[in-house]
Amino acid sequence: MQPQIWLSLLKKYRAIAVIRAPKRQLGKQMAQATAAGGMGLIEITWNSDQAPELIAELRSELPECLIGTGTLFTVEDVKNAIASGAQFLFSPHTNSAMIQVAKQAEIPMIPGALSPTEIINAWQTGASCVKVFPISAVGGVDYIKSIKGPMGNIPLIPTGGVTLNNAAAFIQAGAIAVGLAGDLFPSALMAEQNWDAIAHKTQTLLQQFSEIPP
């Protein structure tokens, strides 16, 4: 995938649903619910149950979505994720060898970083974007506002503390997109397997972004 295509998709959807599923069938239902709400970018974490099989299954059943993976720690993880059909890759840290493997396969690689030095190093190493994680630990929206001034050319994706209530504020502060996990899948709705309600939450989230000027 060309870098400009990846960036255009991030600007289109503004959010990535992050799914960490203890059971493959549950992960499938979670992904289907967010897709029904209009989500086009879905991450199945690599430590989910049967992640490679789930990624392949979702690519077949949700062709309108991009299905990626995250929580990748090693070069071997990256190679296996690419082999499974993952269309984008996230890691909680920055590893230049992992980035290079992804670049050679033309798969977007988004490493994690937190401090200004880490963010710039990740970008200069060849990251497609930089995952600012965990954003809740360093001031949330205000942190993105502070670093976008000197680092406005680096596309940032805050995760780890993004909620339905503050997601739009992160975009307004300059983030290209956000990653949401638990807030899209409240425990009460998960216990009830109320997929319609989760689809509605996703739809409501995406509507917030549509109201933000480009």
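Reader: Where does Gln 193 lie?
Author: Gln 193 lies in the loop between α9, which covers residues 187-192, and α10, which covers residues 195-210. Please note that this is a predicted model.

Reader: And what is its phi?
Author: The phi of Gln 193 is positive, at about 55 degrees, although Gln 193 is not a glycine.

Reader: Is Gln 193 buried, exposed or partly exposed, and why?
Author: Gln 193 counts as partly exposed, because its relative accessibility is 41%, and partly exposed covers the range between under 20% for buried and over 50% for exposed.

Reader: Which residue is in contact with both Gln 193 and Trp 195?
Author: That residue is Gln 29, once its neighbours within four places in sequence are left aside.

Reader: Where is Gln 29 found?
Author: Gln 29 is found in helix α2, which runs over residues 24-36.

Reader: Buried or exposed, this Gln 29?
Author: Gln 29 is buried, because its relative accessible area is 18% and the limit for buried is under 20%.

Reader: Turning to Arg 14, what is its phi?
Author: The phi of Arg 14 is near 65 degrees, which is a positive value in a residue other than glycine.

Reader: Which elements stand on either side of Arg 14?
Author: Arg 14 is found in the loop between α1, residues 3-13, and β1, residues 15-19.

Reader: Is Arg 14 buried or exposed?
Author: Arg 14 is buried, with a relative accessible area of 17%.

Reader: A change of topic: what about the peptide bond from Phe 133 to Pro 134?
Author: That peptide bond is cis, and its omega is near -5 degrees. Pro 134 itself is found in the loop between β7, residues 130-132, and α7, residues 141-148.

Reader: How many disulfides does the structure hold?
Author: The structure holds zero disulfides. Cys 65, for instance, is in no disulfide, and the nearest cysteine sulfur to it is that of Cys 129, 18 Å away.

Note on methods:
Residues are numbered from 1 along each chain as its sequence is written. This is a predicted model: local features need pLDDT of at least 70, side-chain atom pairs count only at pLDDT 80 or more; totals for chains, interfaces and linings use all residues. Side-chain values use heavy atoms; hydrogens and water are left out. Helices (H or I, at least four residues) and strands (E, at least two) are DSSP runs, numbered from the N terminus. Buried means under 20% relative accessible area, exposed over 50%, partly exposed in between (1.4 Å probe, protein chains only). Contact means heavy atoms within 4.5 Å. A disulfide is a pair of cysteine sulfur atoms within 2.5 Å.
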